[in-house]
Amino acid sequence: MSDTQTLIENRPPTVAALFLERVAATPNAEAYRYPVPSASGGGPDDWKSLSWGQAAERVFAIAAGLIDLGLKSEDRVALASNTRVEWILSDLGVMCAGGAVTTIYPSTNADESAFILEDSASRVLIAEDAAQLAKARERRADLPDLRHVVVLEAADAVPAAGDPEGWVISLADLEARGKQYLTEYPQAVEERIGAITADQLATLIYTSGTTGRPKGVRLPHDNWSYMAKATVATGLITAEDVQYLWLPLAHVFGKVLTSGQIEVGHVTAVDGRIDKIVENLPVVQPTYMAAVPRIFEKVYNGAAAKARAGGGAKYKIFQWAVGVAREYAKVTQDNYRRTGRATAPFGLTTKHRIADALVYSKLRQAFGGRLRAAVSGASALAPEIGYFFSGAGIHILEGYGLTESSAASFVNPGEAYRTGTVGKPLPGTEVRIADDGEILLRGPGIMQGYHGQPDKTAEVLEEDGWLHTGDIGELSPDGYLRITDRKKDLIKTSGGKYVAPAEIEGQFKAICPYVSSIVVHGADRNFCSALVALDEAAIVGWAAENGLEGKSYAEVLAAPETNRLIETYVQTLNEGLQRWQTVKKFRILPRDLDVEHGDLTPSLKLKRPVVEREFKHLIDEMYEGAREA
């Protein structure tokens, strides 16, 4: 048996036990950094730290407070908050009390929040602020199981007329209550941890989905214990790392990052404010971070826009550097695959060195200057964007997994990563490709099933443990997986040709620096069309230099000049596609796609049916002329 197998097979039964091991091993080491408003006001945030020992004190106080409130084994505690250090401490507190965490995105509306609270039978809601409290209060009559709401922001923990006594308390009050409880029952939390079994429910994550009500995915403690060991066994993270964590912790991708950190013990800087990422990176100086493709696309588009604003010469240099980066990445990755050395010819290396001084080094500094690797997941990254960052020295390691597989089933292996693939399976995870191309997974990370929905569970989970992912993919002879599309998203034209829209959409994002989102349509139609959403900062910047200065974002989107600009990129896209894949018509959307309008999930995945339904009039318009012809 290999050391990796031994490490994984001898994993502790629970995340709580793993946490105790970490605290015992490095009690004084820094665990978390988190921002607090500047004392002077108006300036940059101050950052404070918690050691593992200090974190454990708070986790134990939260756990004991919940026990004192009556929380029992596997009772659900919902968490509705943005990513912040209190989210992690509360999550660990719930699990150490033997409870199970139900995650709710803070952007979820009151109706769907109430559905999740009711379906999960959550006894306690940990709410970030007054806005999250108000959602629960609005539907309290429909939530008989909900006994308490714990509010993270103490100033917002204000009872209202009609609230049952003690229904609303602050996190500070809960911790104080827990500390008092521990003076009377000092072993209460350790006893709870000792009683937790590997198959006991730890997390109930509701899939954000693209249609219908979300399904609750049941993930036991053993899933997270396995993920902690398996992710560290890949060698991607070490005890010396500093992670910048901003991803939504209600999403399984964010959640898995906290498990690996507990196993290895590195520092995590936590701040979920997306508008603070650019400001935080030079302060935190992370060595690794995880993100979704939309973030890298925005950085790429932003760099292009900045270069364009610097004048024609500067933009030409940027375009040249982009080409050099892509060529360099492809050559070095190919050589590494063949020889084990990431080398390039002398001439290309010389061009790369010049481009690095002019462009790439500045890009790396924007990420803090120490970024060793970035992990990308949740959806596919356009390969040409991946090659650009790779050649610029920002190594994006794509990974793959589902909520139903505890997020991380595949990840690219360090220096041997291959852009355009999601890497190899984690140790202990099995994969096979079905006859129709669907990816099937089996292993310790697979869910128990959907909460209260055995029929839905049976649709995706076979009796022998194989999970049907719904994704289509290909395995290389040496085990690298490439995702080609969602099974349900594959479209078939009226001519009988199959088209993978995500592949076309990814190619367009690599070609057009102004695009924010693109939705390729064509099912049962005689040609493909596209809805194109443009990035506001990028396209308004272009407009100011092309006779449209002073125009609003909406006016720029509607301008004929903008349509002609995008048409040139569509033509370039079509040159690299098969005839039946080409985009014959397109329409520029009157606004960007976003979470607030329901176009994207909170993890920034495209809700294709929602977008096609909302902009049906534009799709119909594109095909009306075709029918007349």
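This is a predicted model: local features need pLDDT of at least 70, side-chain atom pairs count only at pLDDT 80 or more; totals for chains, interfaces and linings use all residues.

Modeller: Angles run from 0 to 180 degrees between N-to-C directions, with axes being lines fitted to C-alpha atoms, for helices over the stretch in contact. Two strands pair if DSSP finds at least two bridges between them. Strands (E, at least two residues) and helices (H or I, at least four) are DSSP runs numbered from the N terminus.

β25 and β26 pair in the parallel sense, over five bridges. Contact here means heavy atoms within 4.5 Å.

Residues are numbered from 1 along each chain as its sequence is written, and side-chain values use heavy atoms, with hydrogens and water left out. Local features need pLDDT of at least 70 and side-chain atom pairs count only at pLDDT 80 or more, whereas totals for chains, interfaces and linings use all residues.

Asp-535 pairs with Lys-298, and their closest N and O atoms are 3.2 Å apart. Lys-298 sits in helix α12 (residues 293–309) and Asp-535 in the loop between β25 (528–534) and α18 (536–544), so that the pair links parts of the chain 237 residues apart. A salt bridge is a side-chain nitrogen of Lys or Arg within 4 Å of a carboxyl oxygen of Asp or Glu. Asp-535 is buried, at 8% relative accessibility, and Lys-298 is partly exposed, at 41%. Buried means under 20% relative accessible area, exposed over 50%, and partly exposed in between (1.4 Å probe, protein chains only).

A second open sheet gives a point of reference. It has nine strands in the order β2-β1-β11-β10-β12-β13-β14-β15-β16, with mixed pairing. Its edges are β2 (46–51) and β16 (424–425), each with a single partner strand, so one side of each is left without a neighbour. Within this sheet, β12 (residues 288–291) and β13 (residues 373–376) pair in the parallel sense over four bridges. Ala-290 faces Val-375 of β13 there. Helix α4 (residues 85–96) packs on this sheet and touches β1 (30–36), β2, β10 (242–245) and β11 (267–270); its direction makes about 135° with that of β1.

Asp-91 pairs with Lys-255, with the closest N and O atoms 2.6 Å apart. Since Lys-255 belongs to helix α10 (residues 252–264) and Asp-91 to helix α4, the pair ties together parts 164 residues apart in sequence. Lys-255 and Asp-91 are both buried.

Another such link joins Arg-58 and Glu-175, whose closest N and O atoms are 2.8 Å apart. Arg-58 is in helix α3 (residues 52–68) and Glu-175 in helix α7 (residues 171–184), so this pair ties together parts 117 residues apart in sequence. Glu-175 is buried at 9% relative accessible area, while Arg-58 is partly exposed at 22%. Salt bridges also link Arg-84, Glu-86, Glu-128 and Glu-153 in a network. The structure holds 32 salt bridges.

As for the whole protein, it has 22 helices and 26 strands. Of its 629 residues, 55% count as buried. Among contacts between residues at least 6 apart in sequence, 67% join residues at least 24 apart. The radius of gyration is 25 Å, which agrees with the value near 25 Å for a compact globule of 629 residues; the radius is taken over C-alpha atoms, and the globule rule is 2.2 Å times the number of residues to the power 0.38. Along the principal axes, the C-alpha atoms fill a box of roughly 75 × 60 × 55 Å.
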